[in-house]
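This report goes through a structure one part at a time. Keep the sequence and the 3D view open while reading.

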Amino acid sequence: MNGKGPEDARDPAAPPALEWKFAQVFGERTAGEEVQEVDIISAIEFDKSGDHLATGDRGGRVVLFERTDVRAHGCRRDLERLDYPVSRHPEFRYQTEFQSHEPEFDYLKSLEIEEKINKIRWCQTANSALFLLSTNDKTIKFWKVQEKKVKRISEMNLDPSQAGGNDSSASSSTAGPRACLPNGGCSYNYMCNDFSFPPGGFPSLRLPVVVAGQETSLVAKCRRIYAHAHDYHINSISNNSDGETFISADDLRINLWNLEISNQSFNIVDVKPANMEDLTEVITSAEFHPTHCNTLAYSSSKGSIRLLDLRQSALCDNHSQLFEEHEASSSRSFFTEIIASISDIKFGKDGRHILSRDYMTLKLWDINMDSRPVATFQVHEYLRPKLCDLYENDSIFDKFECCLSGDGLRVATGSYSNLFRVFGCVAGSTEAMTLEASKNPMRRQVQSPARTARSLSSLTRVVRRGAESPGIDANGNSYDFTTKLLHLAWHPTENSIACAAANSLYMYYA
Amino acid sequence: MAMIDEPLYPIAILIDELKNEDIQLRLNSIRRLSTIARALGEERTRKELIPFLSENNDDDDEVLLAMAEELGVFIPYVGGVEYAHVLLPPLETLCTVEETCVRDKAVESLCRIGVQMKENYLVDWFVPLVKRLAAGEWFTARVSSCGLFHIAYPSAPDQLKAELRSIYSQLCQDDMPMVRRAAASNLGKFAATVEQSYLKAEIMSIFDDLTQDDQDSVRLLAVESCAALGKLLEPLDCVAHILPVIVNFSQDKSWRVRYMVANQLYELCEAVGPEPTRVDLVPAYVRLLRDNEAEVRIAAAGKVTKFCRILGPQLPIQHILPCVKELSSDSSQHVRSALASVIMGMAPVLGKDATIDQLLPIFLSLLKDEFPDVRLNIISKLDQVNQVIGIDLLSQSLLPAIVELAEDRHWRVRLAIIEYIPLLASQLGVGFFDDKLGTLCMQWLEDKVFSIRDAAANNLKRLAEEFGPEWAMQHIIPQVLDKISNPHYLYRMTILQAISLLAPVLGVDITCQKLLPVVIASSKDRVPNIKFNVAKVLQSLVPILDQSVVENTIRPCLIELSEDPDVDVRYFANQALQASDQVMMSS
């Protein structure tokens with residue numbers, strides 16, 4: 001490590017920068033079209049295989065997309081294990097949508113509960129059915145989405161039109177040859193118990209014949225509702241690798257649920273102080289480790305990440321690890337605390353790294369090093385002088401999400417003016433792209449010196465780079481704080497990103 | 001065109017509704033599948049109905065669940081045990097659905113059918129089914145297969161047995177934790193059918209793998225099979241194979257695993273024999289009683305009596321009692337509460353001397369606990385201690401606690417204690433009761449919470465039953481009747497309620513002389529609610545009183561009420577009048 005100086009910019013281990021191309025857009029806005037508040041996308045999530053994508057919006061809807069370029073169903077067991085090669089870039093098509101949450105009113109607390117979907121998480125697929133969890137501020141729902149063949153039923157015993165007189169349930173879907181009742185429509189007595197059956201049965205009775213059609217329809221059914229467990233707004237849900245439990249986190253508490261049990265949850269973290277005036281820190285995001293079922297990370301508004309070991313005790317008030325970077329006191333300002341708040345954390349697929357996003361930066365942590373992040377990426381450093389304005393118009397409280405690529409080589413996060421940034425995070429990588437959520441993502445790409453003055457201690461592998469020169473303004477683009485790209489997700493196995501610009505879902509590949 | 005005779009009409013509808021759009025009607029049809037089967041006859045049931053059900057398995061989960069349940073008892077309708085195997089295909093598909101409860105029910109039904117099947121049919125039909133499920137593409141099928149091995153295994157020939165064992169061991173190493181969990185939780189059942197020789201070799205190595213699984217949830221279930229396996233093995237083998245594992249588990253990093261150990265440990269004591277129990281299990285148990293995690297201590301404390309019962313008097317006094325003493329002042333109220341609910345059972349185990357010396361102080365400190373749950377748990381088990389330490393000692397220490405609980409801030413606590421009063425009264429006797437508890441019982445009649453007043457009225461009835469009408473005349477009636485002049489109508493209503501409950505117990509004379517006049521007087525109350533309650537009470541008194549009393553006293557009063565300006569009063573008065581008419585007519 002000692003030998004590595006600035007020349008590790010040419011480190012052969014670092015993969016070349018990716019060239020991002022536009023793949024697809026769903027719900028593109030035509031010029032001058034006004035965006036309906038309810039249509040704004042508020043959650044994006046790929047499933048584990050990357051064959052499905054779900055988005056949630058402020059109107060409480062969940063929209064599912066399915067990948068179309070995968071080889072027609074290979075061995076399912078292979079799919080379960082998530083390894084199969086694909087030659088082309090992923091393409092998706094609209095699959096179905098359903099209304100997940102409705103606006104509600106909590107009469108006890110006189111609170112309106114918005115229908116906005118805060119998070120979506122996919123659960124283990126079983127058979128051909130998809131399962132996912134969606135949550136708004138208060139209520140988590142477990143959905144099963146299943147393809148059903150459209151069926152026609154024929155060969156009934158009774159003509160429904162005649163039986164209708166005493167059987168309100170006559171099915172309207174019956175078709176084909178119908179049996180006729182001699183004195184149809186007459187009243188009849190329900191069978192008495194001593195009704196005797198001949199040993200051979202009644203030959204005149206017949207079972208309905210079901211003809212399966214070619215068409216299928218997707219049916220979404222809410223299987224379970226996990227409600228009334230959160231006093232504050234739910235900011236995260238996360239599945240455990242054991243396949244049977246998940247957590248939900250609000251500002252002050254984290255609860256543990258069993259997927260099968262909706263009337264009981266266990267509180268595992270409670271940071272609520274006895275006196276609310278002593279409150280200094282809230283939970284902003286929480287996620288389970290991808291493979292260790294007992295490890296859980298949560299981030300706080302003070303910029304720290306805590307790693308919990310659920311084995312230690314039932315109520316995890318004591319963290320097993322604390323990740324925090326101590327800012328030099330000289331650089332402190334009024335905004336220091338506000339912008340330190342972490343809006344999102346994500347585990348890398350390997351489970352060794354945690355990516356965190358605060359207002360100005362993206363930080364990559366190694367869980368073996370809690371003193372500082374292994375890499376810090378400036379997302380929009382040019383905004384630092386404008387923090388005052390951002391505070392005035394509340395933009396400083398925007399919660400940007402972040403994501404890692406499936407191979408763990410790159411990270412991405414959003415910014416304003418519908419921009420998002422992709423950084424290479426392998427030691428030595430200089431990749432730092434600025435992309436725009438539009439049909440021409442590279443439009444904003446400015447070849448600027450990606451690497452700024454590196455910290456003096458080249459012994460540490462801490463790198464600080466990607467600080468954009470403020471010259472981007474010179475392109476003639478003014479910053480637009482109303483068009484912010486908060487939500488994005490990286491495909492689990494390929495270099496493909498889905499991101500939300502207001503009501504539009506843009507997909508890119510490299 | 002089929003002609004349906006009229007008597008068949010209902011069945012025809014039932015059959016058609018198997019495919020109705022309304023799920024409620026489909027459910028209804030599925031629940032009456034046996035009727036449909038009888039109407040079709042055995043042969044057509046086998047050839048048409050069962051295949052029909054196999055094909056139509058994409059219904060809603062509720063319908064599938066009902067179908068899985070019905071098929072479990074369907075053998076008589078397909079022609080008896082000879083044909084039982086035709087039921088397997090539909091259940092096999094139900095074993096693969098996504099919903100856990102449907103799969104569980106299908107597995108249960110398959111087991112139910114499997115135990116009735118003849119050996120050669122099992123080999124021909126059941127074993128292949130288990131193998132197919134175990135090799136299923138989706139984890140759902142593999143999960144279901146785990147619960148079927150214990151049925152398939154015993155009748156299989158040797159070679160097939162070896163294959164089944166190796167399949168099971170693969171399931172225990174499945175990629176999906178759900179499958180490993182199912183394998184772990186069914187291991188005990190499967191092991192019970194496996195021959196001794198393979199038990200030690202193969203099953204124990206499967207078990208060892210499970211105990212080292214990296215998923216807590218799998219290890220937890222492995223703990224559960226410890227006890228089951230322990231019972232199957234010879235004591236010596238058990239000591240060699242299971243004991244080290246459980247001792248290890250009792251120090252597992254995960255509190256959930258230790259929690260399971262605390263729950264299960266006592267079951268192993270018998271399997272390993274007295275000496276290893278003393279050397280290994282008692283120290284392990286003591287550690288669990290002193291665990292850092294309150295949840296583990298709760299589980300351990302809850303088993304303290306069961307554990308001691310197995311050990312006999314000596315070991316507990318030496319090793320367990322000191323821990324129990326610590327637990328009685330544990331920082332977690334839930335631990336104390338768990339201890340309080342079982343500690344009484346230790347008295348008979350330890351004998352009188354040890355109980356008075358050691359247990360009584362613990363017991364008294366729990367009785368004075370600041371949390372009502374703890375005190376309640378003690379009081380609810382009083383009968384067990386009464387026999388050991390005697391009433392005098394008990395009443396001295398008990399009374400303050402009861403009085404305090406009776407006035408507790410939380411109405412649920414008060415409610416709980418009221419429900420124990422009749423039991424206490426019977427144990428403590430009339431004398432004690434009169435002195436100390438009588439006033440409390442009266443006090444509750446004027447509680448602020450309806451449920452308490454309601455329970456208090458009921459309590460008076462049960463006391464009257466316990467001590468007889470004579471006693472009630474002296475100690476209850478005067479005080480109760482006094483309270484009818486309470487200025488608040490809700491309390492007057494409670495008294496009416498008490499009267500209607502007491503009347504049947506006290507008999508005709510007392511009712512006529514003491515209770516009825518009060519009720520009649522209340523019919524002049526200014527509050528309509530009281531008046532219509534009078535009507536209701538009178539209605540309830542009619543059957544137990546003499547006809548002359550009804551005629552001369554009750555009916556005039558009801559007739560007056562039936563002309564009341566208030567509509568509700570008129571309604572209930574008329575109801576009571578009608579009821580009394582019927583009683584008169586029938587007598």
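## Chain A as a whole

Among the contacts in chain A with a separation of 6 or more, 57% are between residues 24 or more positions apart; contact means heavy atoms within 4.5 Å. This is a predicted model, in which local features need pLDDT of at least 70 and side-chain atom pairs count only at pLDDT 80 or more, while totals for chains, interfaces and linings use all residues. Residues are numbered from 1 along each chain as its sequence is written, chains are lettered from A and ligands numbered from 1 in the order in which they are written, and side-chain values use heavy atoms, with hydrogens and water left out.

Chain A has 31 strands and four helices. Helices (H or I, at least four residues) and strands (E, at least two) are DSSP runs, numbered from the N terminus. Of the 510 residues in chain A, 52% are buried. Buried means under 20% relative accessible area, exposed over 50%, and partly exposed in between (1.4 Å probe, protein chains only). The accessible surface of chain A is about 23300 Å², and carbon and sulfur atoms hold 49% of that surface. Such areas come from the Shrake-Rupley method with a 1.4 Å probe; for residues, only the protein chains shown count as cover.

Strand 31 of chain A covers residues 504-509, and six of its six residues are buried. In a regular strand the side chains alternate between the two faces of the sheet. In strand 31 of chain A, Ser504(A), Tyr506(A) and Tyr508(A) point one way, and Leu505(A), Met507(A) and Tyr509(A) point the other way.

Which strands pair with strand 31 of chain A? Two strands pair if DSSP finds at least two bridges between them. Strand 1 (residues 21-26) of chain A runs antiparallel to strand 31 and is joined to it by five bridges; here Phe26(A) stands opposite Leu505(A). Strand 30 (residues 496-501) of chain A is also antiparallel to strand 31, with six bridges, and Ala498(A) has Met507(A) as its bridge partner. The hairpin of strands 30 and 31 of chain A has two residues between the strands, and Ala502(A) takes a positive phi near 50° there.

## Two loop residues

Is His89(A) buried or exposed? His89(A) counts as buried because its relative accessibility is 19%. His89(A) lies in the loop between helix 1 (76-81) and strand 5 (92-99) of chain A. Leaving aside neighbours within four places in sequence, His89(A) is in contact with Ala23(A), Asp69(A), Glu494(A) and Tyr509(A).

Val35(A) sits in the loop between strand 1 and strand 2 (41-46) of chain A. Val35(A) has a relative accessible area of 23%, so this residue is partly exposed. Not counting residues up to four places away in sequence, Val35(A) touches Arg29(A), Ile40(A), Ala502(A) and Asn503(A). The C-alpha atoms of Val35(A) and Ser504(A) are separated by 9.5 Å, although the two are 469 residues apart along the chain.

## A four-stranded sheet

Four strands of chain A form an open sheet in the order 2-3-4-5, with antiparallel pairing. Strand 2 and strand 5 of chain A are the edge strands, each pairing on one side only. Within the sheet, strand 4 (residues 61-67) and strand 5 of chain A pair in the antiparallel sense over seven bridges. Arg61(A) stands opposite Gln99(A) in strand 5 of chain A.
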